[in-house]
Amino acid sequence: MKITVIGTGYVGLVSGTCFAEMGNKVTCIDVDTNKIQKLEEGIIPIYEPGLEVMVKRNYERNTLKFSTKLSENLGGCDIAFIAVGTPMGDDGSADLKYVLQVAKEIGQNMTTPLIVVDKSTVPVGTADKVRAQIKEELDKRGVDIHFDVVSNPEFLKEGDAISDFMKPDRVVIGADSDETAEIMRTLYSPFFRSGSARLIVMDVRSAEMTKYVANAMLATKISFMNEISNICELVGADVNDVRIGIGSDSRIGYSFIYPGAGYGGSCFPKDVKALHRTAKEYGFDAELIGSVESVNDKQKLVIAKKVVKRFGEDLSGKTFAIWGLSFKPDTDDMREAPAIYIIKDLVSRGAKIKAYDPKAMHEAQECYLKGVQNITYCNSKYEAIVDADAMLLLTDWKEFRIPDFEELKAQLKTPIVFDGRNQYNDKMMQEQGFEYFQIGKQPLK
Ligand code: NAD
């Protein structure tokens with residue numbers, strides 16, 4: 001099939017590349033000329049394991065190309081995916097300006113019948129808006145070209161994006177016509193050859209809703225466990241044991257019940273807010289979903305509060321090493337990362353920061369922590385700890401799992417570790433001479 005993917009970010013680039021890998025002819029479009037130029041030179045703008053090799057392979061065999069010009073890439077195209085951002089608007093709702101702009105451009109430029117697919121995460125009712133926008137532009141042009149609008153939300157996880165896309169747990173298709181659903185089924189059929197993946201076809205509104213509900217459910221599990229961790233700490237229980245104790249119940253399961261420094265990223269925070277907002281628009285106060293968000297906002301500062309409890313409100317003269325800036329491992333994405341909130345809080349109290357992350361240093365410096373004073377960016381985790389008063393582990397990158405504890409102790413001014421991801425065993429840390437603070441368990445005396 002001939003496919004155009006509009007928006008070449010995490011989702012657009014991964015989807016486009018994986019469709020190309022299956023032999024489709026794909027053009028990835030973006031308004032960012034710098035990004036497109038880099039991609040044409042073989043420079044991948046994001047860090048995602050396995051992506052670079054696949055992009056280069058498909059670019060070389062002409063199944064994947066890049067362009068800034070949508071107008072030149074719609075004629076003869078079978079399917080156009082909208083994969084632009086849907087950031088949080090001022091009122092918490094999903095801002096649809098990029099999606100509707102793309103819909104407008106599609107209406108202005110399409111010359112042959114087309115299936116338009118909303119792959120961006122968009123609130124219920126967006127497909128109707130996209131349809132209306134395209135129709136308006138076609139009417140302005142005085143032409144009648146057949147098109148259909150499908151919802152196909154994306155469930156890939158950054159860090160595992162390629163394998164999630166190539167071997168999906170499920171693909172959700174929201175389509176109002178059997179014919180269109182069948183074309184989508186054909187497109188995705190190569191991804192189902194092995195494994196037990198399922199393609200689930202439903203109406204458009206249910207598909208749009210499914211994405212928000214999936215993210216809200218996962219965020220709920222995280223906030224629930226974080227709330228439990230705070231109670232555990234107060235009552236003298238160990239959340240790590242409690243987690244194992246409850247996860248062994250197959251109705252609960254082990255996934256997504258790890259306590260930590262709060263969730264971040266480009267999806268959970270904005271999608272939980274947007275779902276809450278959607279309910280409000282329909283006159284319903286979704287209390288549980290609202291609490292998921294407020295629990296998370298507080299959780300992001302739990303580690304900073306532990307630092308303040310240990311070192312006092314005034315942190316001037318103190319230096320803290322930060323291990324991990326990205327919102328989770330295996331990505332350079334720092335959107336809504338707990339590290340942003342923790343570092344800003346510590347710096348506002350006069351602290352100096354020495355930060356290290358395997359992949360997100362550039363994002364931090366150029367974007368999310370740009371202009372924040374008193375941060376030194378270090379080349380390694382061991383450089384970051386030299387003469388620091390404590391180390392704060394904020395992202396569970398594999399390289400932080402078993403560090404050289406002797407080196408850690410030798411380089412820190414005082415052997416104190418605040419662990420926002422419960423990576424270490426507290427008894428072992430105590431034996432090694434560390435003062436060790438984790439989430440959901442009081443430090444050993
Ligand atoms: P992103 O910010 O990484 O990429 C969006 C891209 O769209 C940018 O490169 C931007 O320049 C481009 N763009 C904006 N307007 C455009 C236009 N008019 N024409 C062409 N390109 C345009 O965003 P993302 O993380 O890929 O997310 C895209 C959507 O997918 C969002 O709705 C998001 O919620 C959803 N989603 C993201 C993930 C994820 O892990 N990142 C997972 C599932 C779903």
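N374 counts as partly exposed because it has 14 C-beta neighbours inside 10 Å (20 or more other C-beta atoms within 10 Å make a residue buried, 12 or fewer make it exposed, and partly exposed lies in between, with C-beta atoms placed from the backbone). This is a predicted model, in which local features need pLDDT of at least 70, side-chain atom pairs count only at pLDDT 80 or more, and totals for chains, interfaces and linings use all residues. Residues are numbered from 1 along each chain as its sequence is written. The chain is divided into domain 1 (2-202), domain 2 (212-297) and domain 3 (300-438), with bounds from an automatic or database domain assignment.

**Backbone at two asparagines**

- N374 has a positive phi near 65 degrees, although the residue is not glycine.
- N374 sits in the loop between α14 (361-368) and β11 (375-377); helices (H or I, at least four residues) and strands (E, at least two) are DSSP runs, numbered from the N terminus.
- N62 also has a positive phi, of about 65 degrees, and is not a glycine.
- N62 lies in the loop between α3 (51-60) and β3 (64-67), and N62 is exposed because 9 other C-beta atoms lie within 10 Å.
- Most residues other than glycine have a negative phi.

**Ligand surroundings**

- The ligand is surrounded by 26 residues, and the closest are G7, G9, V11, S120 and T121; a residue counts here if its C-beta atom, placed from the backbone, lies within 6 Å of the ligand.
- At least two residues of this shell come from each of α1 (10-21) and α4 (97-109).
- By class, the shell holds 11 nonpolar, 10 polar and 5 charged residues (Ala, Val, Leu, Ile, Met, Phe, Trp, Tyr, Cys and Pro count as nonpolar, Asp, Glu, Lys and Arg as charged, and the others, Gly among them, as polar).

**Positions annotated in UniProt**

- An unreviewed UniProt entry lists D30, K35, T86, T121, E158, K270 and R335 under "binding site"; UniProt positions are in the numbering used here, feature names are shortened, and annotations may be inferred rather than shown by experiment.
- These positions span 306 residues in sequence and the farthest two C-alpha atoms are 24.3 Å apart, so they do not all gather at one spot.
- T86 is in the loop between β4 (79-82) and α4, and T86 is buried because 25 other C-beta atoms lie within 10 Å.
- Not counting residues up to four places away in sequence, T86 touches A94, D95, L96, V99, S120, T121 and V122 (contact means C-beta atoms, placed from the backbone, within 7 Å).
- E158 belongs to the loop between β6 (147-151) and α6 (161-166), and E158 counts as buried because it has 25 C-beta neighbours inside 10 Å.
- The contacts of E158, with residues up to four places away in sequence left out, are Y10, E48, T331 and D333.
- The unreviewed UniProt entry places the feature "active site" at C267, a residue in the loop between α9 (239-247) and α10 (268-281).
- C267 is buried, with 27 other C-beta atoms within 10 Å.
- T121 and N215 are in contact with C267 once residues up to four places away in sequence are excluded.

**Domain 1 against domain 2**

- The centres of domain 1 and domain 2, taken over C-alpha atoms, are 30 Å apart.
- Their contact takes 10 residues from domain 1 and 9 residues from domain 2.
- The side of domain 1 that touches domain 2 has 6 nonpolar, 3 polar and 1 charged residues.

**Nonpolar cores**

- The largest nonpolar core has 69 residues, of which I6, A80, F81, I82 and V116 touch the most other members (a nonpolar core is a set of buried Ala, Val, Leu, Ile, Met, Phe, Trp, Tyr and Cys residues joined through C-beta atoms within 7 Å).
- This core draws at least three residues from each of domain 1 and domain 2.
- A second, separate core of 52 residues includes I303, I343, A390 and M429.
- M429 lies in helix α17 (residues 426-431) and is buried, with 22 other C-beta atoms within 10 Å.
- Beyond its neighbours within four places in sequence, M429 is in contact with V417, Y424, F434 and Y436.
- M429 and F405 are 24 residues apart along the chain, and their C-alpha atoms are separated by 8.6 Å.

Technical notes. Contact = placed C-beta atoms within 7 Å.
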